[in-house]
Amino acid sequence: MASAAKNPPLLPLLEHAARRAEAELVRAKAEAALAKKRERDRVKALRLQMDLEEEEQRTEQRLRVEAELRHRLACDPRLDAFLEARRAGRPADEALAEAERRYPPRPAPSNTPKASSG
């Protein structure tokens with residue numbers, strides 16, 4: 001019986017070890033879940049960044065096109081003639097006809113090569 005007094009009971013030690021092992025397992029699962037969540041958040045942030053960069057490129061392209069159109073309109077006397085006729089109270093179809101009469105539309109540039117005569 002003397003040896004029983006020297007050694008603590010085994011069952012409480014095993015229970016403590018089991019609780020500690022279970023706590024470590026729970027902690028490891030929580031750390032893994034957190035790591036997965038952080039990775040999902042990182043991927044989501046990267047996708048958002050890519051989407052924003054693509055949208056920025058589309059916006060810049062659209063602004064370039066609009067700036068070119070604005071320049072073309074500023075250089076086109078037909079627009080001034082049309083707006084002048086509209087301010088004078090003429091209907092849109094008459095104002096357009098008057099602008100085209102005063103400034104006939106220029107033919108669109110052709111991209112096809114001209115046939116040589118000869």
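Modeller: Let's begin with a pair of helices. The axes of helix H3 (residues 77-87) and helix H4 (residues 92-102) come within 8 Å and cross at roughly 140°. Keep in mind that this is a predicted model.

Biologist: Okay, so how are H3 and H4 oriented to each other: parallel, antiparallel, perpendicular or oblique?
Modeller: They are oblique. Angles over 145 degrees would count as roughly antiparallel, and the axes of H3 and H4 cross at roughly 140°, so the pair is called oblique.

Biologist: Is the crossing of H3 and H4 left-handed or right-handed?
Modeller: The crossing of H3 and H4 is right-handed.

Biologist: Which helix is proline 77 in?
Modeller: Proline 77 belongs to helix H3. Its relative accessible area is 33%, so proline 77 is partly exposed.

Biologist: And how far is proline 77 from arginine 102?
Modeller: Their C-alpha atoms are separated by 9.2 Å, while along the chain proline 77 and arginine 102 are 25 residues apart.

Biologist: Let's zoom out. How many helices and strands are there in the chain?
Modeller: The chain has 4 helices and 0 strands. Going along the sequence, you read the pattern α-α-α-α.

Biologist: What share of the chain is buried?
Modeller: Of the 118 residues in the chain, 5% are buried. The chain exposes about 11000 Å², and 58% of that area is supplied by carbon and sulfur atoms.

Biologist: Where is there a nonpolar patch on the surface?
Modeller: Look at Leu10, Leu13 and Leu14, which form one with about 320 Å² of accessible area together. Leucine 10 sits in helix H2, which covers residues 10-74.

Biologist: Why does leucine 10 count as exposed?
Modeller: Because its relative accessible area is 57%, and exposed means over 50%.

Biologist: New topic: charges. How many salt bridges are there?
Modeller: The count comes to 8 salt bridges. One of them joins arginine 62 to glutamate 66, with the closest N and O atoms 3.0 Å apart.

Biologist: Where do arginine 62 and glutamate 66 lie?
Modeller: Both are in helix H2, 4 residues apart, which is about one turn of the helix. Arginine 62 has 58% relative accessibility, so this residue counts as exposed. Glutamate 66, at 31%, is partly exposed.

Biologist: What about arginine 78, which residue does its side chain meet in a salt bridge?
Modeller: That would be aspartate 76, at 2.8 Å from N to O.

Biologist: Is aspartate 76 buried or exposed?
Modeller: Aspartate 76 is buried, because its relative accessible area is 12% and buried means under 20%. Arginine 78 has a relative accessible area of 26%, so arginine 78 is partly exposed.

Biologist: How far apart are glutamate 98 and arginine 90 in their salt bridge?
Modeller: The distance is 3.9 Å, N to O, between the side chains of glutamate 98 and arginine 90. Salt bridges that share partners join Arg90, Glu94, Glu98 and Arg101 into one network.

Biologist: Nice! Is glutamate 98 buried or exposed?
Modeller: Glutamate 98 counts as buried, since its relative accessibility is 17%. Arginine 90, at 32%, counts as partly exposed.

How values were computed. Residues numbered from 1 in each chain as written. Predicted model: local features only at pLDDT ≥ 70, side-chain atom pairs only at ≥ 80, totals over all residues. Heavy atoms only, no water. Patch = residues over 30% accessible without salt bridge, like charges linked within 9 Å, V, L, I, M, F, W, Y side chains within 5 Å. Areas by Shrake-Rupley, 256 points an atom, 1.4 Å probe, with all protein chains shown as cover. Salt bridge = Lys/Arg side-chain N within 4 Å of Asp/Glu carboxyl O. Helix = DSSP H or I, 4+ residues; strand = E, 2+ residues; numbered from the N terminus. Buried < 20%, exposed > 50% of the residue type's maximum accessible area, 1.4 Å probe, protein only. Axes fitted to C-alpha atoms, helices over the stretch in contact; angles between N-to-C directions. Parallel < 35°, antiparallel > 145°, perpendicular 65-115°, else oblique. Left-handed = near helix turned anticlockwise from the far one by under 90°.
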